[in-house]
Amino acid sequence: MSVTLAVSNGVITLNSVTGGASLLNNGSATVTLSGTIAQINASLAGTVTYTPAPNFFGTENLVMTTNDQGNTGLEGAKLDQDSVIIQVTSIRDPGEVAGA
C-alpha cells in the first residue's frame, strides 16, 4: 500500500517513519509513504509538517492519494484521493534598517 501527500506551494516533511515503512522524497512537494496499513497509519500519526514556500500566502490544497497496489479486491490497483485546505496567512517581512 502507498500514500502520497502532495502540495503546490511548499514542502511536506514526515518527522518519523514507523515499523519498516519506506519514505520517498521527504521534505519535498510530493512525499510517498509505502508499507502496510498499520505502518502507514503509525507514520502519519506522528508529526507531519507543511512548510510554505517563501513569501507564499493564501490557500494551499494538500492532496492525499492512497493506492492499494492491487492488494484488495479484483481488477488491479484501487485509488482513493482526499484533500484538505490549508490556509496560509501573510506575515510581515522584517524591514530594512534606514541608512544600512
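1. In this predicted model, Leu5 has Val31 of E4 as its bridge partner. The two strands involved are E1 (residues 2–6) and E4 (residues 30–34). They run antiparallel and are joined by 5 bridges.

2. That pairing belongs to an open sheet of 5 strands. The order is E3-E4-E1-E6-E7, and the pairing is antiparallel. Strands E3 (22–24) and E7 (79–88) form the edges, each pairing on one side only. On average, neighbouring strands are turned by 15 degrees against each other, direction ignored. As background, strands of a sheet pair through backbone hydrogen bonds.

3. Leu5 and Val31 also sit in the largest nonpolar core. This core has 12 residues, including Val3, Val7, Ile12, Leu14, Leu33, Tyr50, Phe56 and Val88. E1, E4 and strand E2 (10–14) each supply at least two of its residues. In soluble globular proteins, nonpolar side chains tend to be buried together.

4. Look next at Val88, a member of that core. Which residues does Val88 touch, leaving out those up to four places away in sequence? They are Tyr50, Pro52, Phe56, Phe57 and Gly58. Of these, Tyr50 and Phe56 are core members too.

5. Two backbone angles deserve a check. Most residues other than glycine have a negative phi. Asn25 has a positive phi, near 65 degrees. Asn25 lies in the loop between E3 and E4. It counts as exposed because its relative accessibility is 52%, and the cut-off is over 50%.

6. Asn55 also has a positive phi, about 65 degrees, although it is not a glycine. Its place is the loop between strand E5 (48–52) and strand E6 (58–67). Asn55 is exposed, with a relative accessible area of 65%.

Key. Residues are numbered from 1 along each chain as its sequence is written. This is a predicted model: local features need pLDDT of at least 70, side-chain atom pairs count only at pLDDT 80 or more; totals for chains, interfaces and linings use all residues. Side-chain values use heavy atoms; hydrogens and water are left out. Two strands pair if DSSP finds at least two bridges between them. Helices (H or I, at least four residues) and strands (E, at least two) are DSSP runs, numbered from the N terminus. Axes are lines fitted to C-alpha atoms, for helices over the stretch in contact, and angles run from 0 to 180 degrees between N-to-C directions. A nonpolar core is a set of buried Ala, Val, Leu, Ile, Met, Phe, Trp, Tyr and Cys residues joined through side-chain atoms within 4.5 Å. Buried means under 20% relative accessible area, exposed over 50%, partly exposed in between (1.4 Å probe, protein chains only). Contact means heavy atoms within 4.5 Å.
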